[in-house]
Amino acid sequence: MNLNQIQWFLPSMYGDIRLTAQATQTEVEWENLSPSEREAMRALGKKFDLVVAADSGKLTVPKPIDKVSMVLAKAMKRGRKLLSAVVFANGRIEEVHRTAGGDIKESSAKEVVKAAVTVAQPTLGCPVPEFERADVRATRVLREFLTAQQLADFERTQSFLVVGADTGHRFLLTSRQASAERLAKVDGRSVFDLDRGHAICAHDWVVPAAEELLELKLFLELEGRESYVHSLAPLHA
């Protein structure tokens with residue numbers, strides 16, 4: 001799996017940190033940083049002995065993109081378990097595994113890698129809090145990981161179907177920013193198991209709605225990860 005020619009996304013709330021692979025180096029561009037994102041950039045500078053002083057700028061880090069992304073992700077989502085995944089040009093998604101030394105394990109897949117992302121593990125989150133509907137950039141990352149059908153459904157209804165990698169169950173994922181009518185059909189929740197007929201109380205309300213959907217999609221569609229979502233309390237027995 002060659003990750004040296006792709007974009008690696010780190011969804012963020014109000015600012016923006018963009019990574020672009022430049023062979024074995026990484027171009028980092030940032031602007032309008034939130035406090036947590038500013039702290040992440042300071043962590044990057046400390047790790048690789050770089051000067052990062054401004055709220056916007058661009059620099060080249062002499063390290064591969066997967067190593068740079070992990071430093072930033074750990075600082076931005078401190079204390080939370082992380083998952084990294086790639087999406088191939090044909091729409092297939094695969095988890096990025098690391099060795100004990102932190103290197104990327106090679107995949108047997110021969111498809112073209114389209115993009116990569118690092119997200120935090122969803123959490124149990126009830127009751128629903130109030131949110132300010134901020135104009136966030138996370139949607140552009142979500143779009144990279146949706147199939148053509150999922151994207152069409154998301155643009156039309158703010159929801160889309162995924163199939164669990166382990167159970168084969170159909171899940172309807174719905175944005176918390178969907179209409180009240182749409183949310184009423186799924187008990188007001190982001191994850192609804194269509195085969196069992198109940199919602200699952202799995203959420204992540206500290207990130208944008210689009211990033212929450214991406215987290216849930218990855219954990220349901222990647223083998224061995226779906227059971228974690230099922231371990232979170234369903235709303236109905």
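Predicted model: local features only at pLDDT ≥ 70, side-chain atom pairs only at ≥ 80, totals over all residues.

Analyst: Residues are numbered from 1 along each chain as its sequence is written, and side-chain values use heavy atoms, with hydrogens and water left out.

The chain has seven helices and 13 strands; helices (H or I, at least four residues) and strands (E, at least two) are DSSP runs, numbered from the N terminus. Buried residues, meaning those under 20% relative accessible area with a 1.4 Å probe and protein chains only (exposed is over 50%, partly exposed in between), make up 49% of the 237 residues.

Two strands count as paired if DSSP finds at least two bridges between them.

Strand β9 (residues 159-163) pairs with β10 in the antiparallel sense over five bridges. Along this pairing, L161 has L172 of β10 as its bridge partner, and V163 stands opposite R170. The two strands form a hairpin with six residues between them, and G168 in the turn has a positive phi of about 80 degrees. On to the next strand, β10 and β11 (residues 191-193) pair in the antiparallel sense over three bridges. Here L172 has F192 of β11 as its bridge partner. Strand β10 (residues 170-174) is mostly covered, with four of its five residues buried.

Axes are lines fitted to C-alpha atoms, for helices over the stretch in contact, and angles run from 0 to 180 degrees between N-to-C directions.

The largest nonpolar core has 31 residues, and those with the most contacts inside it are V117, L142, F160, L173, V191, L214 and L218. Such a core is a set of buried Ala, Val, Leu, Ile, Met, Phe, Trp, Tyr and Cys residues joined through side-chain atoms within 4.5 Å. Two or more residues each come from β5 (82-88), β7 (113-120), α3 (138-145), β9, β10 and α6. Of these, α6 gives the most, with seven residues. Leaving aside residues up to four places away in sequence, L214 touches V117, V119, V141, L142 and F145, where contact means heavy atoms within 4.5 Å. Another core lies apart from this one, with 28 residues, among them W8, L44, V71 and V96.

Helix α3 also packs against α4 (residues 148-157): their axes come within 8 Å and cross at roughly 145 degrees. T139, L142, R143 and F145 of α3 meet Q150, L151, F154 and E155 of α4. These residues divide into four nonpolar, two polar and two charged, with Ala, Val, Leu, Ile, Met, Phe, Trp, Tyr, Cys and Pro counted as nonpolar, Asp, Glu, Lys and Arg as charged, and the others, Gly among them, as polar.

Over the whole chain, 65% of contacts between residues at least 6 apart in sequence join residues at least 24 apart.
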